[in-house]
Amino acid sequence: MMTIQSRIRPNIQALTAYAPPWTGLDRTQYVRLDLNENTRALPPEIGPVLERLWAGGSASRYPEYRTFMPRLAHHLGVDEENLIITNGSDQGIEILLRAFLNPGDGMVVAQPEFPIFSHVAQVIGARVQGVPFDAEMNFPTQRFLDAIDHNTRLIVLINPNNPTGSVVPLETIREVLTRHPDLPVLLDEAYYEFTGVSCLRWMDEFKNLILVRTFSKAFAMAGLRLGYVVAQPEVIRELYKVRGPFDVNVVAVAVADAQLDLPHAWDYVNEVMTRGKPFTENALRELGIKFYPAAANFMLVQPEDRDALVGYMKQNGILVRPMVAPALVKTFRLTIAPLEEMRRFVAVLREYVGSGQ
Ligand SMILES: Cc1ncc(COP(=O)(O)O)c(C=O)c1O
């Protein structure tokens, strides 16, 4: 008799579950520079929002997006029909891939990339047309353009890319959009708040542009799960057929709604990018430790003995992310936080270098 699990589709059986680093560890006990989260709690203004939510019994009802959707659309300067909210941008990526890719179809993406893309593609049985970054993690423009072929059904650009921090030049994005007006171009802008660079304003010009964003990073909502997709109304209408009617929870919507008028996310971005980041880069340069210049709130660091340093950091209460992709096994990814945490990181780093480990 066949086992039940052997009836699972073979391409799923062949996969490994996506396991975040340090699974099983109580991360609250550490300075968390491992998952590109916002290291601050939500602003205090959110407390009363949550109290009103509980008092009004909102959690007992299925969520409604009636007031939030036009507010978010207005905030972005698009129409509501250009917008769908999702359970984290992970879900935005998933519904887009499920909507556009049949088994065997090609998805072009520069690698190593944010792994959810390849993972979902493999669940579908689609073919990942991976294009490696160059040795310095620069975007491989020409090879990327050459990789798009008759089998390609989706083009993925992640700007800036996680984990490499690489920027996709705006001219490259424009060239891809122009050369392939009949192919969907999924542009992941999960970190756009940190770079200040976005292609949202190109939405009218390029009908093939599909933007994915998130409230997880600058807006400190990684645990609440809220992302969104901006695209042409015809595309958005199709995505509503793939997403469930209540996939985004009421708390996420209420917290995001309240934050649209608050300055905290932007203050955080400013603090990270103008203080935490230069401080960290200067210290790494001074200590002669290689890092890859990166555009957002994280970077790849390549010390002489990666595992020893990652272990030393952990012993001293700091989590960073050792990378597993073959091209990156000598590196760890470091989330850049405000100055306070980065001072702590650099102090431990100096101690490590000083002790000659
Ligand atoms: C490039 C990129 N896209 C999407 C995501 C998914 O974020 P979330 O599902 O929390 O919105 C991440 C998370 O790290 C990311 O780095």
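This is a predicted model: local features need pLDDT of at least 70, side-chain atom pairs count only at pLDDT 80 or more; totals for chains, interfaces and linings use all residues.
The peptide bond that joins Asn162 to Pro163 is cis, with omega near 15°. Pro163 is placed in the loop between S5 and H7. Pro160 belongs to the loop between strand S5 (152-158) and helix H7 (170-179). The bond from Asn159 to Pro160 is likewise cis, and its omega is near -5°.

Two residues other than glycine have a positive phi. For Met137 the angle is near 65°, and the residue sits in the loop between strand S4 (127-132) and helix H6 (141-147). Met137 counts as buried because 23 C-beta neighbours lie inside 10 Å. For Arg225 phi is also near 65°. Arg225 is part of the loop between strand S7 (209-214) and strand S8 (227-230). Is Arg225 buried or exposed? Arg225 is buried, because 20 other C-beta atoms lie within 10 Å, and 20 is the number at which a residue is called buried.

Leu183 lies in another loop, the one between H7 and strand S6 (185-188). Leu183 has 16 C-beta neighbours inside 10 Å and therefore counts as partly exposed. Setting aside residues within four places in sequence, its contacts are Thr152, Ile155 and Asn208. Ile148 is 35 residues away from Leu183 along the chain, and 9.9 Å separate the C-alpha atoms of the two.

In soluble globular proteins, nonpolar side chains tend to be buried together. Beyond four places in sequence, Val156 touches Met107, Val108, Val109, Phe117 and Leu186.

The two domains can now be taken together. The domain assignment of the protein chain gives domain 1 as 5-42 + 264-354 and domain 2 as 46-259. Over C-alpha atoms, the centres of domain 1 and domain 2 are 23 Å apart. Across the boundary, 27 residues of domain 1 are in contact with 27 residues of domain 2. On the side of domain 1 that touches domain 2, at least two residues come from each of helix H1 (10-13), helix H11 (264-287) and strand S10 (298-302). H11 gives the most to that side, with 5 residues. By class, the side of domain 1 that touches domain 2 has 20 nonpolar, 4 polar and 3 charged residues.

The last step is the protein chain as a whole. The protein chain has 13 helices and 13 strands. Its C-alpha trace spans about 60 × 55 × 55 Å along the principal axes. How does the radius of gyration of the protein chain, and what value would a compact globule have, work out for 357 residues? The globule would have a radius of gyration near 21 Å, and the protein chain has 21 Å, so the two agree. Of the 357 residues, buried residues make up 40%. Among contacts with a separation of 6 or more, 72% are between residues 24 or more positions apart.

Methods
Residues are numbered from 1 along each chain as its sequence is written. Helices (H or I, at least four residues) and strands (E, at least two) are DSSP runs, numbered from the N terminus. A residue is buried if 20 or more other C-beta atoms lie within 10 Å of its own, exposed if 12 or fewer, and partly exposed in between; C-beta atoms are placed from the backbone. Two residues are in contact if their C-beta atoms, placed from the backbone, lie within 7 Å. Domain bounds come from an automatic or database domain assignment. Ala, Val, Leu, Ile, Met, Phe, Trp, Tyr, Cys and Pro count as nonpolar, Asp, Glu, Lys and Arg as charged, and the others, Gly among them, as polar. The radius of gyration is taken over C-alpha atoms; the globule rule is 2.2 Å times the number of residues to the power 0.38.
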